[in-house]
Structures are given as structure tokens and as C-alpha cells.
Amino acid sequence: MRIDVNDIMGRFAIAVSKEATFGEIIRAMGRFGVGAVTVIDADQRPVGVVSETDLLVKAAQPAGAPLFEASDEWQRGDKAAGVTAAQLMTTPAITVTPGTSVREAARLMHAKQIKQLPVVDPASGRIIGTLHQRDVLRVFLRPAAELEADIKAVLPQRHALTLDIDQGVVTVGGSVEWRSQAVALEERIWLIDGVVDVRSEVVYDKDDLAVVPSGW
């Protein structure tokens, strides 16, 4: 069973308007215990994100000092002078929909180094919730019986295979005819949401993945 954002997302949208002031942004972060807030337009569509990093640019600017002048620091200079969410935010907003797989959402978080994602309605583009890193990590706390059922569903019935699951670590044993079958089996198990690690003890009779050196 694939787990989607809709299965684990927070139903409360943590967001501020484009006109929100510096102080209002800080208070919103404190109220909800988050390090970033989504900035939305008048139609409740995400247009950017203000993070603690964006706010620290202003805090790090010495009083009375000139703004950043280097060409590659113009944007930071603009943020240091900003007083509203529209001026402080980083754009564009990176979003997901309820139908996005948790695996894809996790990839986005990792690639973009962000801890939360606004969830938008695919039809209107309006924000309808928030996905946090802690929500994604809850996938690894799936009930053991549920995880076992999903794994057994991908095991080929024609082979005598054994299965052991301990805290999300899956050990699969037994024998198959071809090495490619053993590799494919391990890959299928890895794709199941909630699997922490896969330890394959499957043996094979024939190696159909061996590469013969050229000229032999």
C-alpha cells in the first residue's frame, strides 16, 4: 500500500499573508512551533516561504551599516531591508498535493533542505494543510502487521522465501533461480513505505547479471 501526503498531513495550514509584518511572522512561528511559514496571496495560494534563515538576515545586519553590495548578495540585501512577508520571503513556494507520495515529499524535503511543505488543492492551488518532517517520519512507525502484509504482497509465490521484520528492518531469505530475481525482490521491498532497511539473505542458482569482459 502506497502512503500519500493525504494520509499523514496536518490539516491546519500554517501561513501568513503577504502583508504580515516581521513581528507577526515571528509570533506565528512561535505559536505553532515551526521554523518557517508559508506566505499566501489574497486567494490563499502559496507564493513563497519565510524561514528563520530569512529573518536572521535582518538580525545579522549591523545597525546603520550599508546593505550588502556584492552582486551575488543583492537578494540578501533586499531581505535585510524588508519589513513584510512579501519582502522577506523566498520564492517560489515548493508545494505538494494530497496525492503526492510520501516518498516523493521526502525527496523534496531532502533535496531542498526544508522541514515542511505546504499542501495545496490540485484544482484551486489553495493551501489546505502542512506536511512536516515529523509527519513523514511517522511512516516508519506503521503497525508491524500492516507492514508485513505489504511486504508479503510483493513476494513471488513460486519461491520458498522467509521473512523477518524487526523495527522496520526486513530480513528476507530463501532461494531463487536467477540473481536478477534476488535483486528485483530487494528493490521491491525497499519501495514499501515504512521499511527502514533491507537485509537480503536470498541465494540464487545462476548469475544472469555477470558482465563478460570484452574480447573474451
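Val16 touches Ile25, Ala28, Val37, Thr38, Val39, Ile40 and Ala85, residues up to four places away in sequence being left out; contact here means heavy atoms within 4.5 Å. The model is a predicted one, in which local features need pLDDT of at least 70 and side-chain atom pairs count only at pLDDT 80 or more, while totals for chains, interfaces and linings use all residues. Residues are numbered from 1 along each chain as its sequence is written, and side-chain values use heavy atoms, with hydrogens and water left out. Val16 is found in strand E1; helices (H or I, at least four residues) and strands (E, at least two) are DSSP runs, numbered from the N terminus. At 9% relative accessibility, Val16 counts as buried, a term for residues under 20% relative accessible area, with exposed meaning over 50% and partly exposed in between (1.4 Å probe, protein chains only). Val16 and Gln44 are 28 residues apart in sequence, and their C-alpha atoms are 9.4 Å apart in space.

The chain holds nine helices and eight strands. Of its 216 residues, 37% count as buried. Among contacts between residues at least 6 apart in sequence, 56% join residues at least 24 apart.

In helix H8 (residues 144-154), the buried residues are Leu147, Asp150 and Ile151. These residues lie on the same side of H8 because they cover an arc of only 95° around the axis, the arc being that of the directions from the helix axis to the C-beta atoms. The exposed residues Ala145 and Ala153 are carried by the face turned away from the buried side of H8. The cover over the buried residues of H8 includes strand E6 (161-166), strand E7 (169-178) and helix H9 (179-190). Ile189 is found in helix H9 and, at 0% relative accessibility, counts as buried. Among the residues that Ile189 touches are Ile151, Val154 and Val172. Ile189 and Val154 are 35 residues apart in sequence and 7.3 Å apart in space, C-alpha to C-alpha.

The largest pocket has a volume of about 550 Å³. Of the 25 residues that line this pocket, the closest to its centre are Ala36, Val49, Ser51, Ile114 and Lys115. Two or more lining residues come from each of several elements, including strand E2 (36-40), strand E3 (46-51) and helix H3 (52-59). The lining divides into nine nonpolar, 11 polar and five charged residues. On a 1 Å grid over the protein atoms alone, a pocket is an open set of points where a 1.4 Å probe fits, with protein on both sides within 12 Å along at least five of seven lines; lining residues have an atom within 4 Å of a point.

His132 lies in strand E5 and is buried, with a relative accessible area of 8%. His132 touches Ile14, Val34, Met109, Lys115 and Gln116, residues up to four places away in sequence not being counted.

One aromatic pair is found in a search of the whole structure. Phe12 and Phe32 form this pair, which is tilted, at 5.2 Å centre to centre and 40° between the planes. Rings pair if their centres lie within 6.5 Å; planes under 30 degrees apart count as stacked, over 60 as edge-to-face and the rest as tilted. Phe12 is in the loop between helix H1 (5-8) and strand E1 (15-17), and Phe32 is in helix H2 (residues 22-32), 20 residues apart. Phe12 is exposed, with a relative accessible area of 52%, whereas Phe32, at 30%, counts as partly exposed.

Definitions and conventions. Grid points are joined across faces, edges and corners, and a volume is the space filled by probe spheres set on the points. Ala, Val, Leu, Ile, Met, Phe, Trp, Tyr, Cys and Pro count as nonpolar, Asp, Glu, Lys and Arg as charged, and the others, Gly among them, as polar. Rings of Phe, Tyr and Trp (its six-membered ring) pair if their centres lie within 6.5 Å; planes under 30 degrees apart count as stacked, over 60 as edge-to-face and the rest as tilted.
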